[in-house]
Amino acid sequence: MRLFNSVLSEILFRPRLDMMEVEDMVEKLNEHHKSTKPFTLLEIKPYLQKLHDDNRIFMVEDEGKMGIVYVV
(Lines give C-alpha, C1' and ligand atoms only; values in the text may rest on other atoms or scores of the structure.)
Protein backbone atom coordinates (compact mmCIF):
# COMPACT_ATOMS: atom_id res chain seq x y z
CA MET A 1 0.00 0.00 0.00
CA ARG A 2 2.87 2.34 0.82
CA LEU A 3 4.48 1.93 -2.60
CA PHE A 4 1.15 2.48 -4.34
CA ASN A 5 0.55 5.67 -2.33
CA SER A 6 4.02 6.92 -3.23
CA VAL A 7 3.51 6.36 -6.95
CA LEU A 8 -0.01 7.80 -6.79
CA SER A 9 1.39 10.92 -5.17
CA GLU A 10 3.80 11.32 -8.07
CA ILE A 11 1.14 11.03 -10.77
CA LEU A 12 -1.93 12.59 -9.15
CA PHE A 13 -1.21 14.63 -6.03
CA ARG A 14 2.14 16.27 -6.87
CA PRO A 15 0.93 17.78 -10.17
CA ARG A 16 -2.13 19.01 -8.20
CA LEU A 17 -4.67 17.32 -10.43
CA ASP A 18 -8.28 17.42 -9.26
CA MET A 19 -9.28 14.25 -11.05
CA MET A 20 -8.02 11.54 -13.34
CA GLU A 21 -9.69 8.74 -15.25
CA VAL A 22 -8.71 5.35 -13.88
CA GLU A 23 -7.64 4.23 -17.35
CA ASP A 24 -5.16 7.14 -17.51
CA MET A 25 -4.01 6.36 -13.98
CA VAL A 26 -3.24 2.74 -14.89
CA GLU A 27 -1.30 3.96 -17.93
CA LYS A 28 0.72 6.46 -15.87
CA LEU A 29 1.36 3.88 -13.15
CA ASN A 30 2.76 1.54 -15.78
CA GLU A 31 4.92 4.30 -17.28
CA HIS A 32 6.25 5.19 -13.83
CA HIS A 33 6.78 1.56 -12.76
CA LYS A 34 8.44 0.46 -16.03
CA SER A 35 8.02 -3.22 -15.33
CA THR A 36 7.83 -6.00 -17.87
CA LYS A 37 4.46 -6.93 -16.34
CA PRO A 38 2.09 -3.94 -16.41
CA PHE A 39 -0.47 -3.28 -13.69
CA THR A 40 -4.09 -4.08 -14.41
CA LEU A 41 -7.28 -2.59 -13.05
CA LEU A 42 -7.86 -5.75 -11.00
CA GLU A 43 -4.53 -5.23 -9.27
CA ILE A 44 -4.95 -1.55 -8.40
CA LYS A 45 -8.68 -1.51 -7.67
CA PRO A 46 -8.30 -2.77 -4.05
CA TYR A 47 -5.81 0.05 -3.38
CA LEU A 48 -8.15 2.63 -4.89
CA GLN A 49 -11.03 1.24 -2.87
CA LYS A 50 -8.99 1.46 0.34
CA LEU A 51 -8.11 5.09 -0.38
CA HIS A 52 -11.78 5.76 -1.14
CA ASP A 53 -12.84 4.12 2.14
CA ASP A 54 -10.24 6.24 4.00
CA ASN A 55 -11.66 9.41 2.35
CA ARG A 56 -8.37 10.20 0.60
CA ILE A 57 -9.94 9.98 -2.87
CA PHE A 58 -13.46 9.79 -4.26
CA MET A 59 -13.84 7.09 -6.89
CA VAL A 60 -16.79 6.98 -9.26
CA GLU A 61 -17.27 3.93 -11.42
CA ASP A 62 -18.64 4.76 -14.83
CA GLU A 63 -20.38 2.34 -17.17
CA GLY A 64 -18.25 1.53 -20.17
CA LYS A 65 -15.12 2.96 -18.54
CA MET A 66 -12.88 2.04 -15.63
CA GLY A 67 -14.03 5.05 -13.59
CA ILE A 68 -12.80 8.40 -12.39
CA VAL A 69 -10.79 9.29 -9.28
CA TYR A 70 -11.28 12.69 -7.64
CA VAL A 71 -8.87 14.14 -5.10
CA VAL A 72 -10.54 14.89 -1.75
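Helices (H or I, at least four residues) and strands (E, at least two) are DSSP runs, numbered from the N terminus. The model is predicted, with residues numbered from 1 along each chain as its sequence is written. Local features need pLDDT of at least 70 and side-chain atom pairs count only at pLDDT 80 or more, while totals for chains, interfaces and linings use all residues; side-chain values use heavy atoms, with hydrogens and water left out.

**Exercise 1. Overall architecture**

Solution. 
- Step 1. The secondary structure comprises 3 helices and 3 strands.
- Step 2. Along the principal axes, the C-alpha atoms fill a box of roughly 30 × 30 × 20 Å.
- Step 3. Contact means heavy atoms within 4.5 Å. Among contacts between residues at least 6 apart in sequence, 44% join residues at least 24 apart.

**Exercise 2. The nonpolar core**

Task: Identify which residues touch the most other members of the largest nonpolar core, and state which element gives the most to this core.

Solution. 
- Step 1. Buried means under 20% relative accessible area, exposed over 50%, and partly exposed in between (1.4 Å probe, protein chains only). By this criterion, 28% of the 72 residues count as buried.
- Step 2. A nonpolar core is a set of buried Ala, Val, Leu, Ile, Met, Phe, Trp, Tyr and Cys residues joined through side-chain atoms within 4.5 Å.
- Step 3. The largest such core has 16 residues, of which M25, L48 and V69 touch the most other members. Two or more residues come from each of α1, α2, α3 and β2 (57–60); α1 gives the most, with 5 residues.
- Step 4. Apart from neighbours within four places in sequence, V69 is in contact with several residues, including L12, M25, L48 and F58.

**Exercise 3. The largest pocket**

Task: State which residues line the largest pocket, and classify that lining by residue type.

Solution. 
- Step 1. On a 1 Å grid over the protein atoms alone, a cavity is a set of points where a 1.4 Å probe fits but cannot get out, and a pocket is an open set with protein on both sides within 12 Å along at least five of seven lines; lining residues have an atom within 4 Å of a point.
- Step 2. The largest pocket holds about 150 Å³ of space. Grid points are joined across faces, edges and corners, and the volume is the space filled by probe spheres set on the points.
- Step 3. The lining consists of L3, F4, V7, L29, H33, F39, E43, I44 and Y47. At least two of the lining residues come from each of α1 (2–13), α2 (22–33) and α3 (41–53).
- Step 4. The lining divides into 7 nonpolar, 1 polar and 1 charged. Ala, Val, Leu, Ile, Met, Phe, Trp, Tyr, Cys and Pro count as nonpolar, Asp, Glu, Lys and Arg as charged, and the others, Gly among them, as polar.

**Exercise 4. Loop residues**

Task: Describe where R16 and N55 lie, and give the phi of R16 and of N55.

Solution. 
- Step 1. R16 lies in the loop between α1 and β1 (19–21). Although R16 is not a glycine, its phi is positive, at about 60 degrees.
- Step 2. N55 lies in the loop between α3 and β2. Its phi is positive, near 60 degrees, in a residue other than glycine.
- Step 3. R16 is exposed, with a relative accessible area of 74%; N55 counts as exposed at 59%.
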